[in-house]
Amino acid sequence: MILRMDRLLTQLPTPKHASPNSASAVQELLGGKYGEMSTLMNYTYQSFNFRGRKEMRPFYDLVANIAAEEFAHIELVAYTINLLLTGATERGDDPTDTPLSDGLRARNHYHFLTSGQAALPIDSMGNPWNGTFVTATGNLKMDLLHNFQLECGARANKMRVYEMVDDPTAREMVGFLLVRGGVHIVAYAKALEKLTGVNVGKLLPIPDLSNKAFPEARKHEDRGLHRILYRFSIDDYRRVGEIWNGVHPEDGSELEVIDGPPEGAPVPDLEMEPQLAAPIGPDAVMYDEELMDVAKRVFR
Ligand code: MN
Ligand code: MN
């Protein structure tokens, strides 16, 4: 089971202006082959399907526990997209004003036509996320190798999105997730080392560029976030510490497991967009006596 908290993993700044094309680029980090939906679903299926967990418990605990953090990554990327799309069209209640005309110039029309200016399970080109992005062979060595490569690919995409967009909201999200993804890369490298004796950490960093080159990542590493694995459960996955221990392969800092999720930050409150009738249309707002009746009936 997943226990959910109405918090974001980290604080996101509110953009000064909308940036729908940046939002399209950020979609790659959500629904792309190497996006957060892929990491979540890879580790989730691998954990459901894990055989021999009595014998291999620490590996099961690691994959299952990281899956839970990936849900929070999806949430963080989705809110980045939602914040970048807020204000992308003219707020108003007259359809003859062509209030969605700014959407016409945006790369991704789905943000205006099939959602209320919000995140979708698609990549930067509008292709839907799909289940072939999941590898769950049942062979632990193969799945861990895949997870290591998946996290490195995710890292490459994040760096490229950072180099493509200059919105502080997108860069803050990328900086934070470079650090957390870095933890997962090291965790899978350590797991492969425990399983095979091969020093996988020597391959790092992939791509060959330190997180410290990104100010929005460096500030989190300065407070040690890159050496912390959170245990995302009330009472389970306690044996992650048998893999997450020793020193960080890049800077030699001591690795640590923290019991429970990070404190996080409030979830941004997205305002109504009447021109999209999201979540209600201008007529509902106009006849507010009627709306009050509905509200009373629904919410008492
Ligand atoms: Mn992630
Ligand atoms: Mn990850």
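Leaving aside neighbours within four places in sequence, alanine 187 touches Leu62, Ile66, Leu229, Ile243 and Trp244, where contact means that two C-beta atoms, placed from the backbone, lie within 7 Å. This is a predicted model, in which local features need pLDDT of at least 70 and side-chain atom pairs count only at pLDDT 80 or more, while totals for chains, interfaces and linings use all residues. Residues are numbered from 1 along each chain as its sequence is written, and chains are lettered from A and ligands numbered from 1 in the order in which they are written.

Val26, Val77, Ile81 and Ala187 touch the most other members of the largest nonpolar core, which has 66 residues. A nonpolar core is a set of buried Ala, Val, Leu, Ile, Met, Phe, Trp, Tyr and Cys residues joined through C-beta atoms within 7 Å. A residue counts as buried if 20 or more other C-beta atoms lie within 10 Å of its own, as exposed if 12 or fewer do, and as partly exposed in between, with C-beta atoms placed from the backbone. At least two residues of this core come from each of H1, H2, H3, H6, H7 and strand S2 (228-231). The greatest contribution is that of H3, with 18 residues. Helices (H or I, at least four residues) and strands (E, at least two) are DSSP runs, numbered from the N terminus.

Helix H1 can be taken next. H1 covers residues 20-31, and its 12 residues reach 16 Å from the first C-alpha to the last, close to the 16 Å expected at 1.5 Å a residue. The expected span of a helix is 1.5 Å times one less than its number of residues. Of the 12 residues in H1, 11 are buried, leaving the helix mostly covered. Among these buried residues are Pro20, Val26, Gln27, Glu28 and Gly31. Their cover includes helix H2 (36-48), H3, helix H5 (110-113), helix H6 (140-164) and H7.

How is the packing of two helices described? The axes of H1 and H3 come within 8 Å and cross at roughly 170°. This crossing makes H1 roughly antiparallel to H3. Axes are lines fitted to C-alpha atoms, for helices over the stretch in contact, and angles run from 0 to 180 degrees between N-to-C directions. Angles under 35 degrees count as roughly parallel, over 145 as roughly antiparallel, 65 to 115 as roughly perpendicular and the rest as oblique. On the H1 side, the contact is made by Pro20, Ser22, Ala23, Val26, Gln27, Leu29 and Leu30, and on the H3 side by Ile74, Val77, Ala78, Thr80, Ile81, Leu84 and Leu85. By class, the contact of H1 with H3 has 11 nonpolar, 3 polar and no charged residues. Here Ala, Val, Leu, Ile, Met, Phe, Trp, Tyr, Cys and Pro count as nonpolar, Asp, Glu, Lys and Arg as charged, and the others, Gly among them, as polar.

Apart from neighbours within four places in sequence, proline 20 is in contact with Leu84, Leu85, Ala88, Ala106 and His111. Its C-alpha atom is separated by 34 Å from that of valine 186, 166 residues apart along the chain.

Helix H2 has 13 residues and reaches 18 Å from its first C-alpha to its last, close to the 18 Å expected at 1.5 Å a residue. Because 10 of its 13 residues are buried, H2 is largely enclosed by the rest of the structure. The buried residues of H2, including Met37, Leu40 and Tyr43, pack against H1, H3 and H6.

The backbone also deserves a look. Most residues other than glycine have a negative phi, and most peptide bonds are trans. A cis peptide bond joins isoleucine 206 and proline 207, with omega about -15°, and proline 207 lies in the loop between helix H7 (168-196) and helix H8 (215-222). The bond from alanine 278 to proline 279 is also cis, with omega near 0°. Proline 279 is placed in the loop between strand S4 (265-266) and helix H9 (282-286). Alanine 277, in the loop between S4 and H9, has a positive phi near 50°.
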